[in-house]
Amino acid sequence: GFAYAALVLQRAGATEGSEEAVDALAEALLPKIDGLVNTGYPIRSKDAGGASADAGAEDSVGIAVSEDTLTMAVRLLCEVVAFLLCEGKITWERASAIVHQPYSPQQFWSSANAHYRSLAYKLTSSIASGTAGPCFKQRESLLGAWIVCMVDPSRGRHQVQVTDALVTALGLGKADLPSAPSEIRSDRDGTLRASWVGFVLRGICSDPRLPSALVSFQTIKTACDFFLAAQKEVVGSGGGRQGWERAALNVLAALLGGYLELKRGDGPALAGAGPLLDLLSRTAAGNLGGCLDLFLRSESKGPNPRLGTIESLGSARMQIRGSPLVHLKSVVEAAASIVVKDGRVWAPSRGLHDVLVAAFELVPGTGPAREPFMTALYEEISSALCPPADASSGGGGGGGRDALSHFVLGTYVRRWL
């Protein structure tokens, strides 16, 4: 109560002893409030190895607080941190340590469980909303948390809160939003969240006030690490993995496309998409066999399992578009912009290698029942490899895809034949 009263007086502009009061808020009361929050989140008082941390740990030992008190403590922590940031009394590095403890900001999202991630979303969004003119590092951290939140299997109100905070922090035009932020909660297949990711990255790309470095290699890697960790979490929770994974892949595919557009022309930065490209490629490769089996089972049902060629090919195309393979074309197109340099394929990514080996060597068969599916699959790959009709063969996206198509024909296809 004393901390809240002090905060109200400071915001009201009380001048007598103002500097000393702010110092006391930062040095004495902030650790106490943080310790009170730790009563509901005890792991925060440990270091990353599990040992008790010094600051504030003794304050939370043996204290039982009500849910209302804990909620007030979290809210007060957000307000105090935001106030001290505005006053310049603490840096974002210290505020970030409070948000992500006991882990580092790089380790937090793939290490914390849903309970602690929920607190981090609350802290990150509320602190950003209470900070006038957040610094670059704070906006970068908010954007990274928002991307993770769009993929998080523990859906909830935090997606709306973090989205609202991000729109305000980046100054995005609210008249052009893909939807009302509140509608994100009802997005089941990830298409709306994917459109939001594309919108935000296009906004960063088109606004000269927003540096492209807001979306960094670490942003991409954090999203990939979290997706892999969340896969185990969803399996452990006993169900819903397939629907969640498909929605998450829609979001990650939009992130890959937006990142490549944002970093176009910047070779070293483009390479930062490598972890995400490999993740999407491996996922597509792993789903090839399952999608083929599903197609063959669907074709064998009904009174006339041997449909005409055109009907079967159409069914195969729909099967691919309704499966994780829907992103196969965009993944191969993205690979062309990353692995092709100066008109040559320098180093094909491991993920691209896996998906091409799966498509040309592991999945194919000679039976006529497989032919429609393989035709539809190779249509996706060839359309990604062939340069656009209006593209110059000398460079750019057309040149990159042209070089990659020659590489694939001269290696994978040749070996298969």
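Helix 3 is followed by Gly 88, whose phi is positive, near 75°. Helices here are DSSP runs of H or I of at least four residues, numbered from the N terminus. The structure is a predicted model, in which local features need pLDDT of at least 70 and side-chain atom pairs count only at pLDDT 80 or more, while totals for chains, interfaces and linings use all residues. Residues are numbered from 1 along each chain as its sequence is written, and side-chain values use heavy atoms, with hydrogens and water left out. Helix 3 itself covers residues 67–87; at 1.5 Å a residue its 21 residues should span 30 Å, and its end C-alpha atoms are 30 Å apart, which agrees. The expected span is defined as 1.5 Å times one less than the number of residues in the helix.

A search of the whole structure finds 13 salt bridges, each being a side-chain nitrogen of Lys or Arg within 4 Å of a carboxyl oxygen of Asp or Glu. One of these joins Asp 152 to Arg 117, with the closest N and O atoms 2.8 Å apart. This pair links distant parts of the chain, 35 residues apart: Asp 152 lies in the loop between helix 7 (136–151) and helix 8 (158–170), whereas Arg 117 belongs to helix 6 (residues 114–129). Both Asp 152 and Arg 117 are buried, a class that requires under 20% relative accessible area, with exposed meaning over 50% and partly exposed in between (1.4 Å probe, protein chains only). Together with Glu 233, Arg 117 and Asp 152 are linked in a network of salt bridges.

The salt bridge between Asp 207 and Arg 209 has its closest N and O atoms 2.7 Å apart. Asp 207 counts as buried at 14% relative accessibility, whereas Arg 209 is exposed, with a relative accessible area of 60%. In another salt bridge, the side chains of Lys 221 and Asp 225 meet at 2.9 Å, N to O. Both residues lie in helix 10 (residues 217–237), 4 residues apart, or about one turn of the helix. Lys 221 is partly exposed at a relative accessible area of 32%, and Asp 225 is likewise partly exposed at 27%.

Helix 11 (residues 241–262) includes Glu 245. Helix 11 is mostly covered, 16 of its 22 residues being buried. Glu 245 is itself buried, with a relative accessible area of 11%. Not counting residues up to four places away in sequence, Glu 245 touches Phe 227, Gln 231 and Thr 283, contact meaning heavy atoms within 4.5 Å.

The cavity search, made on a 1 Å grid over the protein atoms alone, took a cavity as a set of points where a 1.4 Å probe fits but cannot get out, with lining residues having an atom within 4 Å of a point. Grid points were joined across faces, edges and corners, and volume was taken as the space filled by probe spheres set on the points. The count comes to 1 cavity of 30 Å³ or more, and the largest cavity has a volume of about 40 Å³. Its lining consists of Leu 249, Leu 280, Thr 283, Ala 284, Pro 324, His 327, Leu 328 and Val 331. Helix 13 (274–299) and helix 15 (328–339) each supply at least two residues of this lining, and helix 13 gives the most, with 3 residues. The lining residues divide into 6 nonpolar, 2 polar and no charged, where Ala, Val, Leu, Ile, Met, Phe, Trp, Tyr, Cys and Pro count as nonpolar, Asp, Glu, Lys and Arg as charged, and the others, Gly among them, as polar.

Conventions. 1 Å grid on protein atoms, 1.4 Å probe; cavity = no way out; pocket = protein on both sides within 12 Å on 5 of 7 lines; lining within 4 Å.
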